[in-house]
Amino acid sequence: MPLKLFGSRGSGSAAIEMALRKARVEYEVVRASAWEPDSAMGELLKVNPLGQIPTLVLADGTVLTESAAILIELGLRHPEARLLPEGAGGRGLAIRGLVFIAANCYSAVSIVDYPERWTTSKSDETRESVRSGARAALHRSWEIFADSIGAAGALSAEEPGALAFLTVVVSRWSGARKHLKEARPAFVEALERLESHPAIAPVLREHRAA
């Protein structure tokens, strides 16, 4: 029985698809998102009341939410796929990176996209100020990621895993790549090399083909 992945093109579900394919796990995508009124949002809300994607439903009915948590769980369930490094040091760095992106980058993108959720003000000026502040914090977080986790060699171009998948996907949002091309050009070059890898490139093409 295939796993059920709630997601949409251009969303974080791309990283989960990369991981599932590398682990050779059969899955089906159920298109669902808050910005697509004709999607399966009703079905998604039954398993994830927050309505967030990606959400992954396992064959036994277990519901996994939060991109970092999904990727870590898949890595633990399928060690042969090497979604997480085998060594304790490398695995710890990868998990740190996954949680860093979830806590600092993914969360900031949510504020950039939906500033009205983060202020009680109805003022367009106030909402734009919230958005601008979140975008600045996002870009600074990516600089820190590049200088610490990226510089530590956590992103393998030879055999990319869970951290590479999430980094490539989330760094494409909210102007982060444009900022990093000037602030951390070597990091962007590393990401672009990753994007040509057979484990990553096909999924990116499919998500751009909307």
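Colleague: Hi! How many helices and strands does the protein have?

Modeller: Hello! This is a predicted model, and the protein in it has nine helices and four strands.

Colleague: Thanks! Which pattern do they follow along the sequence?

Modeller: Reading along the sequence, you get β-α-β-α-β-β-α-α-α-α-α-α-α.

Colleague: What does the C-alpha trace span along its principal axes?

Modeller: The trace spans about 50 × 40 × 30 Å. The radius of gyration is 17 Å, which agrees with the value near 17 Å for a compact globule with 210 residues.

Colleague: And what share of the residues is buried?

Modeller: Buried residues make up 45% of the 210. There is also a number for contacts: among those between residues at least 6 apart in sequence, 63% join residues at least 24 apart.

Colleague: Let's turn to helices. How is a packed pair described?

Modeller: Two packed helices are described by the angle between their axes and the distance between those axes.

Colleague: OK, so where do the axes of α4 and α5 stand on that?

Modeller: Helix α4 covers residues 88-113 and helix α5 covers residues 124-150. Their axes come within 7 Å and cross at roughly 165 degrees. An angle over 145 degrees counts as roughly antiparallel, and therefore α4 and α5 are roughly antiparallel to each other.

Colleague: Is that crossing left-handed or right-handed?

Modeller: α4 passes α5 in a left-handed crossing.

Colleague: Which residues meet there?

Modeller: From α4 they include Leu-93, Phe-100, Ile-101 and Val-112, and from α5 they include Ala-134, Leu-138, Trp-142 and Phe-145. Charged residues take part too, among them Arg-96 in α4 and Arg-131 in α5. The residues of this contact divide into 15 nonpolar, four polar and four charged.

Colleague: New topic! Where is the cis peptide bond?

Modeller: A cis peptide bond joins Ile-53 and Pro-54, with omega at about 5 degrees. You can find Pro-54 in the loop between α2 (41-47) and β3 (55-57).

Colleague: And what is phi of Arg-24?

Modeller: Phi of Arg-24 is near 55 degrees, a positive value in a residue other than glycine. Arg-24 lies in the loop between α1 (13-22) and β2 (27-31).

Colleague: Is Arg-24 buried or exposed?

Modeller: Arg-24 is exposed, with a relative accessible area of 79%.

Colleague: What about Ser-174, buried or exposed?

Modeller: Ser-174 also has a positive phi, about 55 degrees, although it is not a glycine. You'll see Ser-174 in the loop between α6 (162-170) and α7 (176-183). Its relative accessibility is 18%, so Ser-174 counts as buried, the cut-off being under 20%.

Key
Residues numbered from 1 in each chain as written. Predicted model: local features only at pLDDT ≥ 70, side-chain atom pairs only at ≥ 80, totals over all residues. Heavy atoms only, no water. Axes fitted to C-alpha atoms, helices over the stretch in contact; angles between N-to-C directions. Helix = DSSP H or I, 4+ residues; strand = E, 2+ residues; numbered from the N terminus. Parallel < 35°, antiparallel > 145°, perpendicular 65-115°, else oblique. Left-handed = near helix turned anticlockwise from the far one by under 90°. Contact = heavy atoms within 4.5 Å. Buried < 20%, exposed > 50% of the residue type's maximum accessible area, 1.4 Å probe, protein only. Rg over C-alpha atoms; globule rule 2.2 N^0.38 Å.
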